[in-house]
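Thanks for coming. I will go through one structure today, one chain at a time, and then turn to where the chains meet.

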Amino acid sequence: MHCCLLSILIWMPIAAGALILLLGDARPAVTRWLALIAALAALVLSLPLWSGFDVTGAAMQFPEKLPWIPRFSAWYALGVDGISMPLIVLTTFMTVPVVIAAWTVIEKRPAQYYAAFLIMEGLMVGVFSATDALLFYFFWEAMLIPMFLIIGVWGGPRRVYATLKFFLYTFLGSVFMLVALIYMYVKAGDYAIASFQALPLSLAEQRWIFAAFFLAFAVKVPMWPVHTWLPDAHVEAPTGGSVILAAIMLKMGGYGFLRFSLPITPDASRELDLVMIALSLIAVVYIGLVALMQQDMKKLIAYSSIAHMGFVTLGAFVIYAIVAATGSRVGAGMALDGAMVQMISHGLISGSLFLCVGVLYDRLHSRQIADYGGVVNVMPVFAVFMVLFALANTGLPGTSGFVGEFLVIIATFRASFWYAFFAAVTLVTGAAYTLWLVKRVVFGPVTSPRVAALKDLNPREFVVLGMLAVLVIGVGVWPAPLLRVMQPTIRHLVTLALASKL
Amino acid sequence: MNPTELIAIPLLPLAAALIAGLCGRWIGRAGAHSVTCLAVAAACALSLHVLWQLVWGGVPSFEGTVYTWLVSDGVGMQVGFLVDRLTALMMAVVTFVSLCVHIYTIGYMRDDPGYTRFFSYISLFTFSMLMLVMSNNFMQLFFGWEAVGVVSYLLIGFWYQRESAIFANLKAFLVNRVGDFGFVLGIAGIVYYTHSLDYPVAFAAAPRMAQAMLPFTAHTSVPALTLICICLFVGAMGKSAQVPLHVWLPDSMEGPTPISALIHAATMVTAGIFMVARMSPLFEYSDTALSLVLVIGATTAFFMGLLGVVNNDIKRVIAYSTLSQLGYMTVALGASAYGAGIFHLMTHAFFKALLFLAAGSVIIGMHHEQDMRRMGGLAKYMPITAVTCWIGALALIGTPLFSGFYSKDAIIEAVHESHRYGAGYAYWCVLLGVFITALYTFRMLFMTFHGAERFRQAQHHAADGAHDRHGDHGHEHEPHESPAVVWVPLVALAIPSVLIGALTVAPVLHGTFFGGAIFTRGAQAAHAAGEGVSAVRLALEGLAAPPFWLALAGVVTAWLFFLRSPSLADAAGRRLHALRTLLVNKYYFDWFNEHVIAALTRALGTVLWKGGDQVLIDGVLVNGTAQAVSRLGSATRRLQNGYLYSYAFWMMIGLAVLLGWFLAHA
């Protein structure tokens, strides 16, 4: 079974999605249950990845290799290491609440909705598990299509503008990456990511390749100043779309930096680390301030995502500054540990917050903060979850949100007091925008008759938020198991990223 | 020491909090208060046992790991306990005051719809505070630090329908986060130099860090340990409400009175004091940091005390008193008299919790009234509350033989002997602060319990203003004594408020009670290890010292102005109009924060959003690029207009250019 576990995880959801498409909307109950079973099956099947994971080495595990396009030496090659495996489990996990959350909410073409999410799940697993760059690129681009449809079909009033912006931004970034991949293929003779990592490249070559990767990944993360597509896409996307977008798709950017930029272009990364650190800190400080002024709940969480993802890029690129400042690589592993944990944690927390907003939106059909107030009076159980996730979003110790930020801040101090200083600003701004949101939406007296008529969580919503709450607290109280599976790969990555190719 | 026993101490309140919080609906109100009170009582008993073992049982300190939170880059981050005498003392104080507050809450919150939620929160608080004081490393310290902050946030906003309460709790959290911002940088600095988060490693490295210089700008560097200590102290300033991060504490009085006693007087706000004392092996190596501690503490002690003199809300007067007393403790730290600081922390925990709970009892008795101008003469109606409140007040102003006398005198004495930069200023602040303390304390006492009965004409005003809502909608309007469940904790706190100082002054202050837990260098160390003196002799000596006479003067002034002839107070207020305006407006700190800092932040956020994101990035870059492409398209479209003569013209031009190029290069 281990022989083709990754393939099953990719193609089973896609096949289930295709089946649902064929069945159509004739029997919605069957569609829903089929989608749920497929999502749960994918989650269960992804667990052996974790339990069977060998933490002693950094080699690719659960490998599969079949010829794909022999003419171009492109292989259907899959495998996972400590960076991709947790992200795959996050993907299969987050699809489940998305399916459950849509249960009675999506009335327009439910079959196609579920199919889009299942197909996207398979493609996203493909992105994280591909060890062949062309295969990676295939999944990377294919993934855009279902998301494009999800926003475009089930989105809000300005969905056309948002989808176009989303698609153009991300597509524009990716084509340059394709050019870089082809260039390296010509030099290396095949598309294996491992060959690219071993490929000697001059500084000039590295700069160009780094720039191409940067365009692709920075848009996805998103980094300032190529972030403006994200708030628009989130605002227009349906709840499930926002959850997947925030929880998984943004991680593709972080994953790309770790998988491609650092090991393939280490010298260019070192040369441009100041730019990357500056952009990351701008994301933390500038975007934190912008988030403060948002009137739309989803926009606020979208901006908060950008600020939190700033810690991922900061952790990734500060390793060069650490070495430059101290002459030692001590602390580099911690920075990358922090970046990885931040990715997982942000997936859980931002997904949870978008689900919370979805709960409110389903009832009142408004995302405006001003339309709410005093929700706790009528939805006390919901309020508990919302406050918990909000506190997690502020990086409260004991929740997953703390772990990554703490590790990145204390590692960054090695590079410079001021980097740590600006990164730590998030303690204040993050608390300000998140808890101000909570104050205006959750607390206070009931502000309108529409709020007074709100009903508390139904069992379905309770299960969705409950399972996320358990994980958010679980990772916060005991992050060691998560770090244990990541660290051998991260140690290896530190070696690759700090070894000069010149 | 038995590790299981130590683990049980924080876990019992946590379990009780979870049971009361998650199963409140099923176990009911009685179930919720039973389970939490029992758990905290057990934690208190175990804490006293631990203290007994350490002090009289000859058991050595405990240091050990419970579990490994994570290991990153060789830095192990554990959850673990360090239980020495300092910790054990804190544990005993925390659990004892918490137990009193738990019992008191049964009466105070009797009719509140959030009854079970409240018990869940205060038990959770007890857990968090225990994790903070019992920690053996910075990670767990920060966990407890933030966790008590969150519970405080939840409790200040406990009555979430009140706009003022949810404003106050957000403010409290944010101001604390400013402190935590410094704190986390301090921790990062420790990790930078020691590659560890454990206290013993950090303490051992202190002399080395004292030599190190940290690059600050491109060409300058600063002494590393001083920077680290100042960062850590910024955290303490937030938690222990020192100027200018004190602004949240008076507003925190929006929370129910039991938590004002527990969190905002006795325990959480002293976390900063505890932390600096715990970090004494670091602070001792930085005179600059200690001078800052001294000056900040002295400023808080004197100037915040002054605010208590003009306030009319009984809880807020006590809150300003708390600020001032926290300033005293901070001054002690700055003068390297850590033992005296912790000693005052302990005595203050008892008498200040007592004063708050007595104020709560008054508020119940007055049917939600907090304005002292509508009280007076209550001693007749609430004798137990009045007597216990008097005891608390006498302890607070430092009456000889009462607990506060020993601790406050020790601080004043330590500052007097200190030669640290800023000690002169600090000495005058703490000395004059004694007069101020007595003045506001007895003003409060006289306005509440003595003099004319002003509550009858005030009854119809009771609907306006912010009042503690405890649900006691009594039908008779006469004030009345509170039920036993309320006054028993008052008595339980009154006893240590009187006795604890005299009983413990010799070992704690002049002996070697803290052993290795507190570290001092040089002259101060000699002072701490002074000769064994009797409590009575100290009290007799105190009668001849200036603090006693200053306190007496304060009491007399309060009597003259607020009991004998209140018209004098009005006249003085008119005469000192400018000062009074300054004090009533709390030195304009709130005004500055709201109209300058908050307003500027919001303006900056708006500018970055509307100007940066919408105009520059989306308008110019994104849509501008799209427009540029479209204009380029229109321009090139003009070239392909389908007219033959146009194509022929461009062909000829092209041919000419090509020929020219050839000829030039031929």
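In chain B, what percentage of the contacts with a separation of 6 or more comes from residues 24 or more positions apart? The figure is 80%. Before going on, please keep in mind that this is a predicted model.

Let me stay with chain B for the overall picture. Chain B has 666 residues, and 57% of them count as buried. Its secondary structure consists of 27 helices and four strands. If you follow the C-alpha trace along the principal axes, chain B spans about 115 × 65 × 60 Å.

Now chain A. This chain contains 23 helices and two strands. The C-alpha trace of chain A spans about 70 × 55 × 40 Å along its principal axes. Of the 502 residues in chain A, 63% are buried. As for the contacts in chain A with a separation of 6 or more, 82% are between residues 24 or more positions apart.

Find Ala332(A), which belongs to helix α15, residues 332-364 of chain A. Is Ala332(A) buried or exposed? A residue needs 20 or more other C-beta atoms within 10 Å to be called buried. Ala332(A) has 28 C-beta neighbours inside 10 Å, so it counts as buried. Which residues does Ala332(A) touch, leaving out those up to four places away in sequence? They are Ile319(A), Ile322(A), Val323(A), Val494(A) and Leu498(A). Look also at Ala497(A): it sits 165 residues from Ala332(A) along the chain, and the two C-alpha atoms are separated by 9.9 Å.

Next, where the chains meet. On this side, 45 residues of chain B are in contact with 40 residues of chain A. Which elements of chain B give two or more residues to the side that touches chain A? They are β1 (62-72), α5 (138-156), α6 (163-194) and α26 (589-639). The largest share, 16 residues, comes from α6(B). By residue type, the side of chain B that touches chain A divides into 28 nonpolar, nine polar and eight charged.

Since α6(B) came up, a few words on that helix. It has 32 residues and reaches 46 Å from its first C-alpha to its last, close to the 46 Å expected at 1.5 Å a residue. Of the 32 residues of α6(B), 28 are buried, so the helix is largely enclosed by the rest of the structure. A general point about helices: there are 3.6 residues a turn in an α-helix, so residues three or four places apart point the same way. Just after α6(B) comes His195(B), with a positive phi of about 60°.

β1(B) was also among the elements that touch chain A. β1(B) pairs with strand β2 of chain B, residues 75-83, in the antiparallel sense over nine bridges. In one of these pairs, Ser72(B) has Val75(B) in β2(B) as its bridge partner. The two strands form a hairpin with two residues between them, and Asp73(B) in the turn has a positive phi of about 55°.

Which residues other than glycine have a positive phi? Ser73(A) is one of them, at about 50°. Ser73(A) is in the loop between β1 (61-69) and β2 (74-80) of chain A. It has 17 C-beta neighbours inside 10 Å and therefore counts as partly exposed. In chain B, Tyr587(B) has a positive phi of about 60°, and it is not a glycine either. Tyr587(B) lies in the loop between α25 (577-584) and α26 of chain B. With 16 C-beta neighbours inside 10 Å, Tyr587(B) counts as partly exposed.

Last, the cis peptide bonds. One joins Trp224(A) and Pro225(A), with omega about 5°. Pro225(A) is in the loop between α9 (203-220) and α10 (229-236) of chain A. Another joins Val243(B) and Pro244(B), where omega is also about 5°. Pro244(B) is in the loop between α9 (224-239) and α10 (248-251) of chain B.

That is the end of my part.

How values were computed: Residues are numbered from 1 along each chain as its sequence is written. Chains are lettered from A and ligands numbered from 1 in the order in which they are written. This is a predicted model: local features need pLDDT of at least 70, side-chain atom pairs count only at pLDDT 80 or more; totals for chains, interfaces and linings use all residues. Two residues are in contact if their C-beta atoms, placed from the backbone, lie within 7 Å. Ala, Val, Leu, Ile, Met, Phe, Trp, Tyr, Cys and Pro count as nonpolar, Asp, Glu, Lys and Arg as charged, and the others, Gly among them, as polar. A residue is buried if 20 or more other C-beta atoms lie within 10 Å of its own, exposed if 12 or fewer, and partly exposed in between; C-beta atoms are placed from the backbone. Two strands pair if DSSP finds at least two bridges between them. The expected span of a helix is 1.5 Å times one less than its number of residues.
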